[in-house]
Amino acid sequence: QVQLVESGGGSVQAGGSLRLSCAVSEYSYSRRSMGWFRQAPGKEREGVAAIDFGTGSTYYADSVTGRFTVSRDSGKNTLYLQMNSLKPEDTAIYCCAASSTGLYRSIALVPSKYPSWGQGTQVTVSS
């Protein structure tokens, strides 16, 4: 079974930047799309960004558009999330997820669309 391992989380002041990484252990796993999700204490998991490897399309939550960028390095089998202009409300545990099917806008950021998940990495933004 594919394993996803996130890294790059940490503590940063508002306005700062972080880059999260998600390493995929199973090279042969057929991954058509991947996404980043976050969950803050007392809140539901929400989709942040996603990418369809087949079409190259990317999708972002309104709250992060213009600040976050999702990308991949296929040679390193790694997904990234570059987060700029961080705000205290971005504080959450961030997880990556993978799916063998493609994306379209209405489902790209829906957690149930993704069967494989990492354990997550904590991001804390102080004001």
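## Notes on the cavity, core and disulfide

1. To start inside: about 30 Å³ of space lies in the largest cavity of this predicted model. A cavity here is a set of points on a 1 Å grid, over the protein atoms alone, where a 1.4 Å probe fits but cannot get out. Points are joined across faces, edges and corners, and the volume is the space filled by probe spheres set on them. With that rule, the count is one cavity of 30 Å³ or more.

2. Side-chain values use heavy atoms, with hydrogens and water left out.

3. Which residues line the largest cavity? They are Arg31, Phe53, Arg72, Asp73, Ser74, Asn77, Thr78 and Leu79, where lining means having an atom within 4 Å of a point. S7 and S8 are the elements that give two or more residues to this lining; strands are DSSP runs of E, at least two residues long, numbered from the N terminus. By class, the lining has two nonpolar, three polar and three charged residues. For the classes, Ala, Val, Leu, Ile, Met, Phe, Trp, Tyr, Cys and Pro count as nonpolar, Asp, Glu, Lys and Arg as charged, and the others, Gly among them, as polar.

4. Next, the packing. The largest nonpolar core has 28 residues, and Trp36, Leu81, Met83 and Tyr94 touch the most other members. At least two residues of this core come from each of S3 (18–24), S4 (33–39), S5 (46–52), S7 (68–73), S8 (78–83), S9 (92–99) and S11 (121–126). Another core, of seven residues, lies apart from it and includes Phe37, Ala50, Ala97 and Leu103. A nonpolar core is a set of buried Ala, Val, Leu, Ile, Met, Phe, Trp, Tyr and Cys residues joined through side-chain atoms within 4.5 Å. Buried means under 20% relative accessible area, exposed over 50%, and partly exposed in between (1.4 Å probe, protein chains only).

5. Five of its seven residues are buried, so S3 is largely enclosed by the rest of the structure. S3 is joined to S8 by six bridges in an antiparallel arrangement, with Leu18 opposite Met83 in S8. S3 also pairs with S1 (residues 4–7), again antiparallel, over four bridges; pairing requires at least two DSSP bridges between the strands.

6. What makes up the two faces of S1? Leu4 and Glu6 form the covered face, while Val5 and Ser7 form the uncovered one.

7. Now the cysteines. The whole structure holds one disulfide, a pair of cysteine sulfur atoms within 2.5 Å. Cys22 and Cys96 form it, with their sulfur atoms 2.0 Å apart. The link of Cys22 and Cys96 is right-handed, with 60 degrees about the S-S bond. Cys22 sits in S3 and Cys96 in S9, so the link ties distant parts of the chain, 74 residues apart. Cys22 is buried at 0% relative accessibility, and Cys96 is buried with a relative accessible area of 0%.

8. Is Cys95 buried or exposed? Cys95 is buried, with a relative accessible area of 7%. Cys95 is in no disulfide, and the nearest cysteine sulfur, that of Cys96, is 7.4 Å away.

9. One backbone value to check: phi of Ser85 is near 50 degrees, a positive value in a residue other than glycine. Ser85 is found in the loop between S8 and S9, and counts as partly exposed at 40% relative accessibility.

10. Ser11, in strand S2 (residues 10–13), is exposed at 66% relative accessibility. Ser11 and Gln122 are 111 residues apart in sequence, with 8.3 Å between their C-alpha atoms. Ala14, in the loop between S2 and S3, is partly exposed at 42% relative accessibility. Between the C-alpha atoms of Ala14 and Ser126 there are 5.7 Å, although these residues are 112 apart along the chain.

How values were computed. Residues are numbered from 1 along each chain as its sequence is written. This is a predicted model: local features need pLDDT of at least 70, side-chain atom pairs count only at pLDDT 80 or more; totals for chains, interfaces and linings use all residues. On a 1 Å grid over the protein atoms alone, a cavity is a set of points where a 1.4 Å probe fits but cannot get out, and a pocket is an open set with protein on both sides within 12 Å along at least five of seven lines; lining residues have an atom within 4 Å of a point.
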